[in-house]
Amino acid sequence: MVKALIIGLNTFRETLRLKSYQIILIFALLLLGSSQLFSFLTPEEQLKMIKDVSLSGIEIFAALLAIFTAMTSLRNEFETNTISTLLSKPLRRSEFILGKFIGSVLAITLSVILMAAVFSTLILIKQHSLEAGLFSATFLIWAEMLVIVALTLAVAAFASTAFTLIFVLFLFLTGHLTGYGLELAQQAKNPLLQALTKIFYKVIPNFENFAIRDEIA
């Protein structure tokens with residue numbers, strides 16, 4: 001476990017130096033701050049829009065950061081062949097992967113905290129108080145990112161960078177649509193379509209279980 005923590009801290013430091021991580025995070029913070037541009041709406045509508053846009057933005061950008069962070073941290077080891085040096089030492093593969101997971105989670109946790117801080121500041125400016133539901137929504141987004149990081153590491157362990165990026169993005173998008181797809185298939189009353197949809201519904205993670213932004217907004 002100590003070796004995994006060492007790898008995790010090293011991965012965290014390397015991630016913070018990545019240009020892709022910095023650019024996505026800065027862009028996300030700027031986008032969240034631009035929610036103030038909805039000043040043409042009524043105060044109630046503006047507050048609802050800020051909550052909806054901010055929570056959606058945190059989820060989307062956190063997912064991008066989770067994918068790029070986990071994928072880059074692992075694929076760089078393969079491409080530079082430093083993994084051979086690491087595994088030649090008394091280091092288990094499970095410790096190596098766990099370390100990469102810990103480092104990626106630390107980086108994602110930092111990004112979610114920063115985005116949540118900007119979001120909370122905007123809410124405080126508008127209504128001078130924070131609702132408990134906002135913290136619940138942010139926590140669930142963070143929990144969703146843990147699943148994204150785990151999936152990315154699992155795929156990146158054997159697949160190329162391009163395939164990992166496309167495949168995990170596909171899982172993320174379809175994971176938010178499987179519930180709707182199942183409802184549509186049931187309305188279509190096509191046995192074959194219903195059977196295929198149920199298979200996809202059980203295989204692909206249902207990320208809508210983490211989404212409560214509509215209720216919060």
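Which residue takes a positive phi just after H5? The legends below take up this point and others in a predicted model.

**View 1. Helix H5 and the residue that follows.** Helix H5 covers residues 93-127. Its 35 residues reach 50 Å from the first C-alpha to the last, close to the 51 Å expected at 1.5 Å a residue. Just after H5, His-128 takes a positive phi of about 60°.

**View 2. The largest nonpolar core.** This core has 41 residues. Ile-108, Met-115, Phe-119, Met-145 and Ile-148 are those with the most contacts inside it. At least two core residues come from each of helices H1 (2-16), H2 (19-33), H3 (43-79), H5 (93-127), H6 (132-156) and H7 (161-175). H3 supplies the largest share, 12 residues. In soluble globular proteins, nonpolar side chains tend to be buried together.

**View 3. Surroundings of Phe-119.** Phe-119 is one of the core residues with the most contacts inside the core. When its neighbours within four places in sequence are left aside, Phe-119 is in contact with Ile-50, Lys-51, Ser-54, Leu-55, Ile-58 and Leu-134.

**View 4. A nonpolar patch on the surface.** Leu-192, Leu-196, Ile-199, Phe-200 and Val-203 form this patch. Together they have about 530 Å² of accessible area. Phe-200 belongs to helix H9, residues 191-203. With a relative accessible area of 49%, Phe-200 is partly exposed, because that class lies between 20% and 50%.

**View 5. Phe-170 and Ile-204.** Phe-170 lies in helix H7 and, at 42% relative accessibility, counts as partly exposed. Phe-170 and Ile-204 are 34 residues apart in sequence, and their C-alpha atoms are 10.0 Å apart in space.

How values were computed. Residues are numbered from 1 along each chain as its sequence is written. This is a predicted model: local features need pLDDT of at least 70, side-chain atom pairs count only at pLDDT 80 or more; totals for chains, interfaces and linings use all residues. Side-chain values use heavy atoms; hydrogens and water are left out. A nonpolar core is a set of buried Ala, Val, Leu, Ile, Met, Phe, Trp, Tyr and Cys residues joined through side-chain atoms within 4.5 Å. Buried means under 20% relative accessible area, exposed over 50%, partly exposed in between (1.4 Å probe, protein chains only). Helices (H or I, at least four residues) and strands (E, at least two) are DSSP runs, numbered from the N terminus. Contact means heavy atoms within 4.5 Å. Patches are made of residues with over 30% relative accessible area and no salt bridge: like charges are joined within 9 Å, nonpolar side chains (Val, Leu, Ile, Met, Phe, Trp, Tyr) within 5 Å. Accessible areas come from the Shrake-Rupley method with a 1.4 Å probe; for residues, only the protein chains shown count as cover. A salt bridge is a side-chain nitrogen of Lys or Arg within 4 Å of a carboxyl oxygen of Asp or Glu. The expected span of a helix is 1.5 Å times one less than its number of residues.
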